[in-house]
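Below is a briefing on one protein chain, grouped by topic. Please keep the sequence and the 3D view open while reading.

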Amino acid sequence: MKYFISRNKFSKLSGIIFQCIVLFAFNLPSSAQLNTLNDSWRWVRFTTDDGLPSNRVFDITETKNGIVWAATEFGAAWYNGFYWQSISQKDGLPERIPSAIVSDGKDSLYVLISGQLYYGDLKGFGKIPIIMSGAEKKVTSIAFVNNELILTVDEKVFILQNNSVKPFTHSSIDIKNQKVFMVHQTRFSTWLNTSSGLYRWENNKWNLKLEAPSQSIAIKYLAEDCLGNGVASIIGPRSHYGIWEWTTNSNLTKNLKEGIENVLALDIGPEGNAIMAKEPEVVKVSQNRSWPSLQFIPPQLKNSHLLKFRNNGDLWVGTELGLYLHRVTSKRWEVWKFPQFDPKNNINEIIRTKDGSIWIATGNGIVIRKPNGTNQTIENIYHTKLGTLTGLIEDKKGHVWISSGLSFEGAFLWIKKDKKGNLWFLGISRKDFRYNNIDNDPGAYIYENGKFLHWGTKHGLINGRVYSFAEGLDGSFWFATGGGISRWKPDASISSPGTWKHWTEKEGLREDRIFVLTIDNKNKIWFGDQTFGIGSIEGDTIKYLTTSDGLISNAIWDIRIDEKNRIWIAARGGIGLFMNGTWFNIGLNDGLSNARIWPLLPLENKLYIGTSGGGVEILNFEDIQTTPPIVNILGPVTRGNTMYAHCKAFSFWGEQVSENIEIRYKIDNNEWTPWRRIRQIIEPNLSSGSHTLTIQSKGLLGNFRTDIKSVSFSIEPPLFLRPFFYVPLGALSLGLLVFGFIYFIGMSLKSISRDVKRGEEQIRQILQDRSSPVFETKHLKKNGDEIDILINASVIDYDGQQAILSLNRDITELKQAEATLRLLAQTVASAQDCVSITDLDGTILFVNDAFAQTHGYTPEELHSKNISIIHSPATPNEIADQIRLSTLEGGWYGEISHQRKDGTEFPVELWSSVVYDEQNKPVAIVGVARDISDRRRYEIDRERLIHELKEALSEVKMLTGLLPICSNCKKIRDDGGYWTQVETYIAKHTDATFTHGLCPDCIKELFPDVYKRMKENGTTF
């Protein structure tokens, strides 16, 4: 081989071999300069979807136990590490904007809302009335001095002790004779704004920092770091309008370079880095009293009204669109990159040499980063420009070999090493194949004992274009070629040269051109063809995994196996990790800034990622949370035999974007669904009875949720299969029969006597008026049966005399039908269930009184309206269409939501069917609905009770495993890292209750006299 580099001789040969050695400056993040603001992966957004009462957050404070509290437009909330939990009115706080929220230095805090003072913690809050001269007063501001709360009332300052107030006096200033407008609490100090000026609490006294002119000073923002350096935005009087700054040993000085733009927010971080948002969209970052504007403002900083640093340097940003957290201190991602368009940002190979250096083959030479942090580039060797490099490897002697196959002759493209340390040079093509009359596809060469041995198609390879090589645990050689996969396996016989086996499309490959190949520690072969996902060969059988199995992309460019036998893949679109049969993917939403990836180098605690044009990106495993995401389930609800549920997934401190968290679920003991990013769950065709929905979430790199979330639900049987359906139906039928019998018999007896008199009267009236009336009467048949007759009578001349001509028609059956219809109509109208009749297009023809009253309408308002007027907007159109189709096909039964006239929704149990005419043609649709709000509330209460019982049972557990205990005080460290007394810890985690006493040894040590007397009295210990 013509060119190689020996690390052992690097310093000696540097002046001869390397003609271009330049410093390589990496873009490393610096929290002090806040140049991380444009790193999109550092931003986490919280909104009402994450539990905030409102997207508008005006203040953030953190208690000693690490709980973060937010003051929002609609009250306070605290962050449990996954999502925000509101403090509602029932918890003791009004749901209004807190004007101040101050930690007491422990685990509780004081909250000031509308002049009322409240004190509490996660368990709830209580109001502290400020009573003076028999009247309750309003508080204007609060702060802490010497661990005691001071507050301003009526422009005076007081101190709160035992929930009562007394004047706060101090010899350093005469507070009695001046007005105190406000106290300001920063993370590290307390300020007093009085009519005489601004004072800071220092060395147990008030020190004047800025004397007030003729008018008092109005402060909009005031911030300070732990060293006493600070900045304030003063908005009055006009002579003081602007930005004022100070250091540890100086008073406030106005920054004359800053204009009078309206300051929206400002704060100082723990390392002295300050940030300020102004109008219009201007964001400035301060260093050494200079305030340069950001050239590019991240969208998360636009329209901000809150900037608040955490003690660790991370930055909270409150905007109109939600609350953001910028993780300044996160070291999850690091980027090594040259200026834009530099070809050295094209990375083709990465290795780590024995001395811990990282060598990188780029589009223009080599980049070396040594363990001491120094960086160098090598662009020329012996006056030869390296150009694009595609291979790097270190041999047994510590020599680093390079290859190109494009920019210079010598080593072939892509170099690999077998388990004996021998180098393999893989050939794609030869430039001299025409004039040397040789094969264009050269195959592979092994460099052993100072000689090159050729492995080509003449020796058994299926194709001479070799892209990758790997050695199996059994000593076999595997080649990924342009024509398939070839395996050479040594035979047991020493005289045998070994046997070849090939895999092509005929044997199951989806593509003959195989680009990358590797072998895990179980001798399983993994390969990729840049098109069809990742394949494997185990026992001569080929299998594929693709995006349908959870792979981030099917375009695979590299496959690496780490020491834990985890499979890492580089794909166009992101990085995949395969372990324990599951894919974990890292994409652009997880912090990866360039999706065009080629080489990977997985090490113990880092993953080096080579990109096309983006340099090297480094993923730090130690900065990735091991706490997996959690899932909250809304529902489930049922409609007929279909279950609907909605879930929300939350990662620990926003490590993953909520929408990208993958979940899987199962019903009862059925199989898990594939991992997906779904949030809506619909399971149709469930059998009646009780069921369980179980959901599991997946973290970023191999962490699952072990406390799997489960909820129970029930599918009701059809209406006609429920016992209660037949009880009211039977009672109604029996009542109708009895009522009908009594009604018809009684009316028949009365009508006979009344109709005789009415008939006589009708005859006299006809003869007198010579009218032609039409009327009904009753006649008797020969057998005595009564029939209804319709008479059309008129007066005629008959032989010179007046006579009556009548036409009689038997209408008995018609009257009976009318009576039946009237009875049915009255029955329907009086029914307690909601009955409606519509035409086939849904136009309402009839509703009973119960229907109208239940939905808040009058029958007249509903007549001729479409039945969709009472449909709930929450019901998908697909479900409404399915109900209609099922009704027309024979009937539908299930549970659904209806909407009243005032917009409120309520659940109903609905039965619908088709009405047919005499020709058996559908003419109308009848629906019977029953309001099941009470039953649903009962079911919710029952489920809540079951959930609470399960929660209670989950707290009942045994203490197992290793418990860290202090060897001196015997305190136990809990899961949160806090040290608690032994009895407290055991009482919390078991059902044990402690009583206290003294053992004999302690009695003897602490109370020797008592021990002696007890011993003399024969007391048994």
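R560 is found in strand β53, residues 556–561; strands (E, at least two residues) and helices (H or I, at least four residues) are DSSP runs, numbered from the N terminus. This is a predicted model, in which local features need pLDDT of at least 70 and side-chain atom pairs count only at pLDDT 80 or more, while totals for chains, interfaces and linings use all residues. Residues are numbered from 1 along each chain as its sequence is written, and side-chain values use heavy atoms, with hydrogens and water left out.

**R560**
- R560 counts as buried because its relative accessibility is 17%; buried means under 20% relative accessible area, exposed over 50%, and partly exposed in between (1.4 Å probe, protein chains only).
- The R560 side chain makes polar contacts with the side chains of E349, at 3.0 Å, and D558, also at 3.0 Å.
- A polar contact is a pair of N or O atoms within 3.5 Å; within protein, one must be able to donate a hydrogen and the other to accept it, and residues adjacent in sequence count only if both atoms are side-chain atoms.
- Beyond four places in sequence, the residues that R560 touches include I350, W568, L600 and P602; contact means heavy atoms within 4.5 Å.

**Nonpolar cores**
- A nonpolar core is a set of buried Ala, Val, Leu, Ile, Met, Phe, Trp, Tyr and Cys residues joined through side-chain atoms within 4.5 Å.
- The largest one has 19 residues, and W568, I575, L607, I609, L619 and L701 have the most contacts inside it.
- Two or more residues of this core come from each of β54 (567–571), β55 (574–579), β56 (582–586), β57 (597–602) and β58 (606–611).
- Strand β55 gives the largest share, three residues.
- Another core, of 18 residues, lies apart from this one and has I844, I870, W892 and L910 among its members.

**Strand β31**
- Five of the five residues of β31 (residues 322–326) are buried.
- G322, Y324 and H326 are buried on one side of β31, and L323 and L325 on the other.
- Strand β3 (residues 43–46) runs antiparallel to β31 and is joined to it by four bridges; two strands pair if DSSP finds at least two bridges between them.
- L325 in β31 stands opposite V44.
- Strand β30 (residues 315–319) pairs with β31 in the antiparallel sense over five bridges, and a hairpin of two residues joins β30 to β31.

**Whole chain**
- The protein chain has 10 helices and 75 strands.
- Of its 1021 residues, 46% count as buried.
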